[in-house]
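Please look over the model below before reading on.

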Amino acid sequence: MKREKSEELFARALELMPGGVNSPVRAFKSVGMNPLFIKEAQGSKIYDVDGNEYIDYVCSWGPLILGHSHPQVIEAICQAAQRGTSYGAPCEGEIELAQLISEAIPSMERVRMVNSGTEATMSAIRLARAYTGRNKILKFEGCYHGHADAFLLKAGSGLLTAGVPSSPGVPEAVVQDTLVARYNDLDSVKKLFQEWGQEIAAVIVEPIAGNMGLVPGEPEFLQGLRSITEHNGSLLIFDEVISGFRLCYGGFQNFSNIIPDITTLGKIIGGGLPVGAYGGRKEIMEQIAPSGNVYQAGTLSGNPLAMAAGATTLKILKDTDWYDRLEVITYVLTNQLKTVFEEHELYYTINRLGSMFSIFFTEKNVDNYEAVMSCDTQKYAQFYQEVLKEGIYLPPAQFEVSFLSCVHDLEDVDKTIAAVNRALDRIV
Ligand SMILES: *Cc1c(COP(=O)(O)O)cnc(C)c1O
């Protein structure tokens, strides 16, 4: 498999961009190699600049649930572009997407469009702080909510000690108001509420954790968060940037019937263009400018191309029951993966929910951050390089989720299983 052109482009990129990329995980550092440069993508396949074809299980990190270059989405973007790329004034597309979202996720009575998941979560906590008149927020170890300062911290040495910034440039003063609890561990949340209950503006959580590999939130845990926040006058924020429209037509909240006060979305609702959104109960959302005085704005927010791509994607998902198909095909894939691994005497844990899955290189049952951290990342890197040679493009890091799209088919599954089999033959 040739990689000369990718290597050449990466060398040039390194002269121009930090680490040669515009988002760190793309650099393939944790799998010990250089990234591929992609030239084109169609359906379930991506093609690099050296002419290699891969079955893609990254799907742009989640947005492309319809697969790459879906003809109707491309058509909608082209048609919108003919009418201008941005107006800086209201357009009907904003109403269309907001209505689709609000109908699918009824707790989002009012919706504000932004340009990324990061913007959605940082705006959501500003709103929660304003609405409650409190400063502290509580997040969970292993959950990712974008790169705003308030989220970039790791737990301190003890649960009740202050967290420490996980990135230089984040002031300690900023993270002092962020508390960190353990995912799927309600007791850790109760302890923090005992200490700071009256100061906590909001608990923010991924109801399905998708940024430490796939770790589903347990129903009792999420239900517990709902009652604790209600009891203490704090808001519950579900960060559904990944889970929104991924498991069903709506959010994880539609599935679980645990209803948050504020929901953040991104990824799928943009159909591959840069979009985020946050929304919630009318009386909370009406605090945002210009109906209220919580400031939040965006030059390109509600962009007509992005609205067209998002609305078209949601309409396609609404009109056909893709979710049954996604469930079956991903079940078949992960089941067969498990068998192939076992045939090589590797008893790794595979978590799957709908069309998301993670192969954890550990034999432990993975239901929290600690178990995730027991994975053998060296072995993952080795496995990664071998399956890539076989034309399978998995997320280039152990702690990321793999995604299937509506156009991944049984032929892709068969090819993937055969490829993994050959790769494991070489490794074991
Ligand atoms: C991807 C992601 C974000 C950040 O979204 P960006 O569009 O990358 O800023 C926030 N929260 C969750 C749960 C995500 O998966």
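1. How many residues of the shell around the ligand are nonpolar, polar and charged? The shell has three nonpolar, six polar and three charged residues. Here Ala, Val, Leu, Ile, Met, Phe, Trp, Tyr, Cys and Pro count as nonpolar, Asp, Glu, Lys and Arg as charged, and the others, Gly among them, as polar.

2. This is a predicted model, in which local features need pLDDT of at least 70 and side-chain atom pairs count only at pLDDT 80 or more, while totals for chains, interfaces and linings use all residues. Residues are numbered from 1 along each chain as its sequence is written, and side-chain values use heavy atoms, with hydrogens and water left out.

3. Among the residues that surround the ligand are Ser-116, Tyr-144, His-145, Glu-206, Asp-239 and Lys-267 (a residue is near a molecule if one of its heavy atoms lies within 4 Å of it).

4. A polar side-chain atom of Thr-118 lies 2.6 Å from a ligand oxygen, and one of Asn-211 lies 3.1 Å from a ligand oxygen. For Gly-117, a polar backbone atom is 2.9 Å from an oxygen of the ligand. Taken alone, the ligand exposes 380 Å², and the protein buries 83% of that (Shrake-Rupley method, 1.4 Å probe).

5. The lining of the second largest pocket divides into nine nonpolar, eight polar and two charged residues (lining residues have an atom within 4 Å of a point on a 1 Å grid; a pocket is an open set of points where a 1.4 Å probe fits, with protein on both sides within 12 Å along at least five of seven lines).

Note on methods
A polar contact is a pair of N or O atoms within 3.5 Å; within protein, one must be able to donate a hydrogen and the other to accept it, and residues adjacent in sequence count only if both atoms are side-chain atoms.
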